[in-house]
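Here is a short briefing for a reader meeting this structure for the first time. Keep the sequence and the model in view while reading.

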Amino acid sequence: LWLLGRPLMWLVPLVPFAVGYVMARRQPGASQGLCLQPAFECASAILPLLASLVVWGPLICLAVLAINDVYDVKGDSLNARRVNAPVAGGRLSTRSAFIIAHVAGAAAVLVAAGIRPAFALVTFLYLALGWLYSIPPVRLKVRPGFDVAINAVGNGGLAMLAGWTSARSINGFPWLIFVLGCLAGAALYLPTTVADYQSDLAADYTTVAIRLGPRTTCRIGLGFWTIAGVGCLVLAARGIVLPRRA
């Protein structure tokens, strides 16, 4: 389970989740700053936060990565970085990984529902995107463009929205940050398709890197990253969403 869940990958959704949470918990009426409220020190605030971190760390990642491994055995077996993966290496059957993915996904939604309905909905949407990314016949992983979009929205936008809805209602969420988060999510995903270029080519997976080539893919990723960075600078300079000191 530890290898299947890949703990280092927990940071992918948890970093934007933390950004959304901090924005949601800023001082009421404060024009600048993202200060945490004193209530953060109370158990009534800490326990839901800890539960939220479990949902958007181990549970979410275990669900999405396990279902990906079920349908990625061919590619993982040809990938030097993934050859020792539990499913590709034969230590865990695809049926077991399939069951684990659904149990982890169901647990994530149930725990999220106990915190806030909107939070549960965002969690469910993220899981749905993970399934669409991996499971045939949709399998957006091998549909160039869609593979980028689904990771951009999931890891860049929904993760941030999840952090916000874990602390308060969706009302007031700054959608400009959602857009910039999606751009950053796309920028971070694109190089991963370049890293897996050779194994995806051997497995006959048509990813965006296979379609456009590694150099063009990296240039597009750099472009998205630049736009996201400049966008954040502009928002901070104008005091919109982000404080000026950012």
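H8 gives the most to the lining of the largest pocket, supplying 10 residues. This is a predicted model. The pocket has a volume of about 1400 Å³. H7 packs against H6, and H7 also crosses H8 and H2.

**The largest pocket**

- The largest pocket has a volume of about 1400 Å³, and 50 residues line it.
- The lining residues closest to the centre are Met9, Val12, Asn151, Asn155 and Tyr189.
- Eight helices are listed as each supplying at least two residues of the lining: H2 (11–24), H3 (43–70), H4 (73–77), H6 (117–134), H7 (146–165), H8 (175–195), H9 (197–202) and H11 (214–238).
- By class, the lining holds 27 nonpolar, 15 polar and eight charged residues.

**H7 against H6**

- Two packed helices are described by the angle between their axes and the distance between the axes.
- The axes of H6 and H7 come within 9 Å. They cross at roughly 165°.
- An angle over 145 degrees counts as roughly antiparallel, so H6 and H7 are roughly antiparallel to each other.
- The crossing of H6 past H7 is left-handed.
- On the H6 side, the contact uses Ala118, Phe119, Val122, Leu125, Tyr126, Leu129, Leu132 and Tyr133.
- On the H7 side, the partners are Asp147, Ile150, Asn151, Val153, Gly154, Asn155, Leu158, Leu161, Ala162 and Thr165.
- The residues of this H6 and H7 contact divide into 13 nonpolar, four polar and one charged.

**H7 against H8**

- The axes of H7 and H8 come within 7 Å and cross at roughly 135°.
- That angle makes H7 oblique to H8.
- H7 and H8 cross in a right-handed sense.
- H7 brings Asp147, Val148, Asn151, Ala152, Val153, Gly156, Gly157, Leu158, Met160 and Leu161 to the contact.
- H8 brings Trp175, Ile177, Phe178, Gly181, Cys182, Gly185, Ala186, Tyr189, Leu190 and Thr193.
- The contact of H7 with H8 has 13 nonpolar, six polar and one charged residues.

**H7 against H2**

- The axes of H2 and H7 come within 6 Å, with a crossing angle of roughly 45°.
- H2 and H7 are therefore oblique to each other.
- H2 passes H7 with a right-handed crossing.
- From H2, the contact takes Val12, Pro13, Pro16, Phe17, Val19, Gly20, Tyr21, Met23 and Ala24.
- From H7, the contact takes Asn155, Gly156, Ala159, Met160, Ala162, Gly163 and Trp164.
- This contact of H2 with H7 has 12 nonpolar and four polar residues, and no charged ones.

**The loop between H6 and H7**

- Proline 137 lies in the loop between H6 and H7.
- The peptide bond from proline 136 to proline 137 is cis, and its omega is near 5°.
- Arginine 139 is also found in the loop between H6 and H7.
- Arginine 139 is not a glycine, yet its phi is positive, at about 35°.

**Isoleucine 115**

- Isoleucine 115 belongs to helix H5, which covers residues 94–115.
- Which residues does isoleucine 115 touch, not counting residues up to four places away in sequence? They are Pro48, Ala51, Ser52 and Ser166.
- Isoleucine 115 and alanine 24 are 91 residues apart along the chain. Their C-alpha atoms are separated by 15 Å.

Notes:
Residues are numbered from 1 along each chain as its sequence is written. This is a predicted model: local features need pLDDT of at least 70, side-chain atom pairs count only at pLDDT 80 or more; totals for chains, interfaces and linings use all residues. Side-chain values use heavy atoms; hydrogens and water are left out. On a 1 Å grid over the protein atoms alone, a cavity is a set of points where a 1.4 Å probe fits but cannot get out, and a pocket is an open set with protein on both sides within 12 Å along at least five of seven lines; lining residues have an atom within 4 Å of a point. Grid points are joined across faces, edges and corners, and a volume is the space filled by probe spheres set on the points. Helices (H or I, at least four residues) and strands (E, at least two) are DSSP runs, numbered from the N terminus. Ala, Val, Leu, Ile, Met, Phe, Trp, Tyr, Cys and Pro count as nonpolar, Asp, Glu, Lys and Arg as charged, and the others, Gly among them, as polar. Axes are lines fitted to C-alpha atoms, for helices over the stretch in contact, and angles run from 0 to 180 degrees between N-to-C directions. Angles under 35 degrees count as roughly parallel, over 145 as roughly antiparallel, 65 to 115 as roughly perpendicular and the rest as oblique. A crossing is left-handed if the near helix is turned anticlockwise from the far one by less than a right angle, and right-handed if clockwise. Contact means heavy atoms within 4.5 Å.
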